[in-house]
Each structure stands twice: as structure tokens, then as C-alpha cells.
Amino acid sequence: MGFFSKDKNKYLHGFAKTNDSLGRKLRFVTENKKQNKDDFMEQLMVTLIEADIGYQTSELICDRFFETCQNYYYLFAKDIMNFLGQTFREVYYEKEDEEIVFNENGPTVILMVGVNGSGKTSTCAKLANRYLAEDRKVALVAADTFRAGAMQQLQMWADRLDVPCICGKENEDPSSVLVKGCRYAKENDIDILICDTAGRLQTKVNLMAELEKMTRVVGKEIPGAPHDTWLVLDANTGQNGLSQAELFNEITDLNGIILTKMDGTSKGGIIIAIKHMTGLPVRFITVGEGMEDIQDFDFDLYLDSIIGDLAHAK
Ligand SMILES: Nc1nc2c(ncn2[C@@H]2O[C@H](COP(=O)(O)OP(=O)(O)O)[C@@H](O)[C@H]2O)c(=O)[nH]1
Ligand SMILES: [Mg+2]
């Protein structure tokens, strides 16, 4: 199977927990499979749902699996795992992942959105660190003006990274800070402008109006901006993460997810559910509180970490 051939040394430690919960349970189910198809299907559904894959996505995975693997009872566990892996892959890639958009004619503006505590501010710093390592000129914008502490937090990261941070005053309109950030970026030949925003849980109408305004003002300053709007989601919120993704995707033009705290107790199944339900790819995962604890998301490695061991078994 081609998709299990990746270098094991590149194993993402952030997926260890996913492997432990989903992988271990899938292994148990396939090694102790029920002969009755309905019973086996139920076992499989429960395992997938418990791993945060969500009801609709789990149902689709089961349907597809049984279409291609009718004789499952007579197969080895490793072959069933391979079939399951193929099914995960099919469901994930039903919609192709779009590439990250970079602006060729000026600063690329990245807007980070998401609820409070999801990891936006620290992820801004991790991304900045990463783009700096790619020799890009980076600046940060602290547009979370609702808490002075939030701006200070980003400023502290900026100092450590030695990148400029454009801050507003407490309670200043976040859009006006974004405008300042965009102007700074244009005047200083910044390649990547990473904008932290507030994550207040508020009414859908207010949130929509605020995001709409932020998007509009940056677009006026820099054509095409924001080039990327990424939803930052705490992987440990499980099914609630899927609801957040659906809500934000409905009210703003998202083009990716950053899944944080994958080093926590996350079950990781949410990745497949989000992609299936919203079409949004996971761009990065974060696996700790350090500046370097960010990784590209690679679906093949993710899949390998869940089911690779058994699928590779002789
Ligand atoms: N263990 C762990 N903690 C994280 C990760 N990402 C963020 N955090 C922590 O989560 C908390 C909230 O993060 P913050 O960036 O302030 O979230 P914000 O409110 O969305 O801006 C902080 O204590 C972060 O250090 C991660 O990948 N792993
Ligand atoms: Mg913050």
C-alpha cells in the first residue's frame, strides 16, 4: 500500500494520543471482529464516533468500507486495517486540499480567528517563527484589543522573535489596528503579516459583522487580503470543535484550520470529520507551548500513525 510507505522516523509525536485511542481501538475491533455484519458495523461506528469522527462522517466511512470489503470476516486484521485506511483517505480527499495562498505582489495577510483559549496568540508566534526560518520578513498585528493582556502576550512573543508587532490601544476598534498593520507591512516590505484577533464568544450576528468588517478593511488596504483566514481550534474540544468549524465557515471565508494542543488528550478524529463536513484542510498542528511546536499537517503521516503499525504487520 503506497500510503504506508512514508518514513517512520518522521512520525509526528503529536499524533501519539490519536494512535493510542483510535488506533488501539480499531486494532481491537479488527482483531476481535464479529461475524455478524450488523454487530461488526456497530462496533466500528462506536469506535469512530468515540474518536470524534462524528456521526455523519462515521456512517459514510462504514458504508464505503462495507462496499469494498464485503468479505471482511475472512480477512486478516492487517488487511481490514488497510481497507479502513483507504476509506479514511477516500473520505478525506473527496475534496482536494487547496494550496496555501501567498500574495506575489505585496504582503500576504493571514487572519487568525477562533474562540478564546483555542491557541490563536501562541500560534501566531509559532507561525512567525516558522516563516522567519524560511527567510520571510514577518510582522505581527495584535488586533485582540478587548484584553490588554492579549496584546502584551503577542508583544512578548514578538520581542522574543525580534519581529515588529503592531498593537492598538485597549478597546480600540480591531479593524483600525488591522489597517495600521497593513500600512506598516506595505511601507516596510513585509512578506507575511500575521493578525491575531479577539475570540470572544458572542452572538453569531455580532461575530459575523466583526469578521466581515475586518475582512473588508484589510482588503481595502491590500488587494486580495486577507489571503488566508485560518480557524484555530483546540483539538481537545472534540465534537464542539466540529461545531465551531461549521459556524465560522458559515460566517466567514475560511481557508484552513490550525489544530492546536495535539499533545493533549486529543483523539484527532476531528480532522477527518472537519474535512468531510466543511471541506477545510488542516494546515498545521501544534504540539506544545514552545515556539517550534508547530508542524505541517500531513494526512499520510496522520493515517500511518493511526493504523500503520497493524497495516504494516506481516
Ligand atoms: N500543550 C499545549 N498548549 C498550547 C498549545 N497551543 C496553545 N497552548 C496553550 O493554550 C493556552 C491558550 O493559548 P492562547 O494562544 O493564549 O489562546 P488564544 O486565547 O486563542 O489566543 C496557552 O496557555 C497556550 O500556551 C499546544 O499546542 N499545546
Ligand atoms: Mg489570544
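Predicted model: local features only at pLDDT ≥ 70, side-chain atom pairs only at ≥ 80, totals over all residues.
The protein contains 11 helices and eight strands, and its C-alpha trace spans about 65 × 40 × 35 Å along the principal axes. The domain assignment divides the protein into domain 1, which is made up of residues 2–96 together with 303–312, and domain 2, which covers residues 108–300. The C-alpha centres of domain 1 and domain 2 are separated by 32 Å.

Helix H3, formed by residues 55–68, packs against helix H10, formed by residues 270–278, with the two axes 9 Å apart and at an angle of about 95°. Because angles of 65 to 115 degrees count as roughly perpendicular, H3 is described as roughly perpendicular to H10. On the side of H3 the contact involves Gln56, Thr57 and Leu60, while H10 contributes Ile272, Ala273, His276 and Met277. By class, the residues of this contact between H3 and H10 comprise four nonpolar and three polar residues, with no charged ones.

Around ligand 1 there are 19 residues, of which Gly119, Lys120, Thr121, Ser122 and Thr286 come nearest. The shell around ligand 1 consists of 12 polar, five charged and two nonpolar residues. Helix H5, which runs over residues 120–133, supplies the largest share of this shell, with three residues.

Note on methods: Residues numbered from 1 in each chain as written. Chains lettered and ligands numbered in written order. Near = placed C-beta within 6 Å. Helix = DSSP H or I, 4+ residues; strand = E, 2+ residues; numbered from the N terminus. Nonpolar A, V, L, I, M, F, W, Y, C, P; charged D, E, K, R; others polar. Domains from an automatic or database assignment. Axes fitted to C-alpha atoms, helices over the stretch in contact; angles between N-to-C directions. Parallel < 35°, antiparallel > 145°, perpendicular 65-115°, else oblique. Contact = placed C-beta atoms within 7 Å.
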